[in-house]
Amino acid sequence: MAPSAEEILSKLAQVMDPEIPGLSIVDMGMIGRLEVGSTVEVDLLPTYLGCPALDVIRRRVEEALREYHPVVRWSFEVPWSSERITPAGRAKLLEWGVAPPPEEGTPPPCPLCGSSDTEPQSRFGPTLCRALYYCRHCRQPFEAIKPM
Ligand SMILES: [Zn+2]
């Protein structure tokens, strides 16, 4: 019997983005196309080309869906953008103290106190996906997902 798309999605929701602990690839909006029928096909959208985790993620997806013998591949047809991060994903980022991607050209609000009086600290955060900011209000540095 073929699985339902919901079953597949709930399994995919357990595959975490290795770059951002606690956030699944579903939260990140990385599922491009999902074909559930006699075969299970998953197209994944790479979030940031600089992130070296693509192989890891694909292997985790294959592992999570092993019983369905899925065809998992990276798709570059639809460009991923930080707007694809789901509301649940944004809430989880905030819980982790990481600001969700702000709109282009505006500084992200501080995940600790909510102030928008923030400034970039460094263009390069701990990973290529993240940037460091400083909150002038609570005087704390924090990380934000780079908008893309
Ligand atoms: Zn603050």
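This is a predicted model: local features need pLDDT of at least 70, side-chain atom pairs count only at pLDDT 80 or more; totals for chains, interfaces and linings use all residues.

A: Domain 1 covers residues 5-83 of the protein chain, and domain 2 covers 97-145.

The part to look at is an open sheet of 3 strands, arranged in the order 1-2-3 with mixed pairing. Its edges are strand 1 (31-36) and strand 3 (71-74); each has a single partner strand, so one side of each has no neighbour in the sheet. From one strand to the next, the twist averages 10°. In general, the strands of a sheet pair through backbone hydrogen bonds, and the pairing can be parallel or antiparallel. Here strand 2 (residues 40-44) pairs with strand 3 in the parallel sense, over 4 bridges. Leucine 44 has tryptophan 74 as its bridge partner in strand 3.

Helix 1 (residues 5-12) lies across strand 1 and strand 2 and runs at about 140° to strand 1. Helix 2 (residues 54-64) lies across strand 2 and strand 3, at about 160° to strand 3.

Now to a single residue. Arginine 73 lies in strand 3. The relative accessibility of arginine 73 is 40%, so it counts as partly exposed, since that class runs between the 20% limit for buried and the 50% limit for exposed. Leaving out residues up to four places away in sequence, arginine 73 touches Arg33, Val42, Asp43 and Leu44. One of these contacts involves a polar pair: the side chains of arginine 73 and aspartate 43 are joined by a polar contact of 2.9 Å. Leucine 44 is 29 residues from arginine 73 in sequence, yet their C-alpha atoms are 6.1 Å apart in space.

The structure holds 1 aromatic pair. The ring centres of tyrosine 133 and phenylalanine 142 are 5.8 Å apart and the planes are at 20°, so the pair is stacked; planes under 30 degrees apart count as stacked. Tyrosine 133 has a relative accessible area of 12% and is buried. Phenylalanine 142 is also buried, with a relative accessible area of 3%.

Note on methods
Residues are numbered from 1 along each chain as its sequence is written. Side-chain values use heavy atoms; hydrogens and water are left out. Rings of Phe, Tyr and Trp (its six-membered ring) pair if their centres lie within 6.5 Å; planes under 30 degrees apart count as stacked, over 60 as edge-to-face and the rest as tilted. Buried means under 20% relative accessible area, exposed over 50%, partly exposed in between (1.4 Å probe, protein chains only). Domain bounds come from an automatic or database domain assignment. Two strands pair if DSSP finds at least two bridges between them. Helices (H or I, at least four residues) and strands (E, at least two) are DSSP runs, numbered from the N terminus. Axes are lines fitted to C-alpha atoms, for helices over the stretch in contact, and angles run from 0 to 180 degrees between N-to-C directions. Contact means heavy atoms within 4.5 Å. A polar contact is a pair of N or O atoms within 3.5 Å; within protein, one must be able to donate a hydrogen and the other to accept it, and residues adjacent in sequence count only if both atoms are side-chain atoms.
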